[in-house]
Amino acid sequence: MKPLERRLIEPSRPLERTFFARPTLKVAVALLGTLLVRREAKGDLTTGIIYEVEAYIGSDDLACHARSGQTARNAAMWGPPGNAYVYFTYGMHWMLNAVTEPKGNPAAVLLRAAFPQNGIERMRARRGHKADHLLSDGPAKLCQAFAIDRTFDQRSLCDGNAALTIHPGMAINPDAVQATPRVGIKNVPEPWRSIPWRFFLHPKDLSGSSHSH
DNA sequence: AGCACGATTAACT
DNA sequence: GTTAATCGTGCTC
């Protein structure tokens, strides 16, 4: 018996580059509630609603990889807004970012968590047989669940038929957005270590009004 | 050439 | 609560 999928969200057009070509903090908050869509072989869709992000903004931000100037690794951040920036860390994990701000202005939003919507069994096959909410509740887990690796670095997230896109998702109550310091940067100097550029929604705020068009 | 550490995770005590 | 895993990157010598 095929497991029951959550509500099938038929993706509309992806978010356009103009969505990402804005101040990074605005893009970060606006990404909450949007739908991450991974098109796999045979047209299978793996999707989830983004509910946790972090902003990394420019070479002055000492937590941002742009702090040490442009290199082969971080070049994506200097590229067009709406591209992916995917990097490898801790010797084993991939991280997915969406590049923001006008081209040449290095900044990005780290996608830290998404609530599974479609393709949940594919996520389980890659992540182990865990409860839905544990499949993509961290930046490296998200990349595992959605099968994202270096091949996505510098690729557009805005092309309709691409393997990875971001689409309008749920309407979000701005009052429900939580902000805290970014995590995993405890050796970064102040004020960057404590500036509240992590944004997220509580699960209860994900179960409300959903719309796909 | 060597080295310290990382936008983390899973598995421990 | 702690810690091993595991290796690319950027910095120092």
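The sulfur of Cys143 lies 17 Å from the closest cysteine sulfur, in Cys64, which is too far for a bond, and the number of disulfides (pairs of cysteine sulfur atoms within 2.5 Å) comes to zero. This is a predicted model, in which local features need pLDDT of at least 70 and side-chain atom pairs count only at pLDDT 80 or more, while totals for chains, interfaces and linings use all residues. Side-chain values use heavy atoms, with hydrogens and water left out, residues are numbered from 1 along each chain as its sequence is written, and chains are lettered from A and ligands numbered from 1 in the order in which they are written.

**Cysteines**

- Cys143 is buried, with a relative accessible area of 2%, where buried means under 20% relative accessible area, exposed over 50% and partly exposed in between, using a 1.4 Å probe and protein chains only.
- For Cys158, the closest cysteine sulfur is that of Cys143 at 17 Å, too far for a bond, and Cys158 also counts as buried, at 16% relative accessibility.

**Fold and dimensions of chain A**

- Chain A contains four helices and eight strands, these being DSSP runs numbered from the N terminus (H or I of at least four residues for helices, E of at least two for strands).
- Read along the sequence, the elements of chain A follow the pattern α-α-β-β-β-β-β-α-α-β-β-β.
- Chain A has a radius of gyration of 16 Å, close to the 17 Å that the globule rule gives for 213 residues, so it is as compact as a globular protein of that length; the radius is taken over C-alpha atoms, and the rule is 2.2 Å times the number of residues to the power 0.38.
- The C-alpha trace of chain A spans about 55 × 35 × 35 Å along its principal axes.

**Packing and surface**

- Of the 213 residues of chain A, 52% count as buried.
- Among contacts in chain A (heavy atoms within 4.5 Å) with a separation of 6 or more, 63% come from residues 24 or more positions apart.

**Around Phe19**

- Phe19 lies in helix α1, residues 17-20, and is buried, with a relative accessible area of 15%.
- Not counting residues up to four places away in sequence, Phe19 touches Val27, Ala30 and Leu31.
- The C-alpha atoms of Phe19 and His93, 74 residues apart along the chain, are separated by 28 Å.
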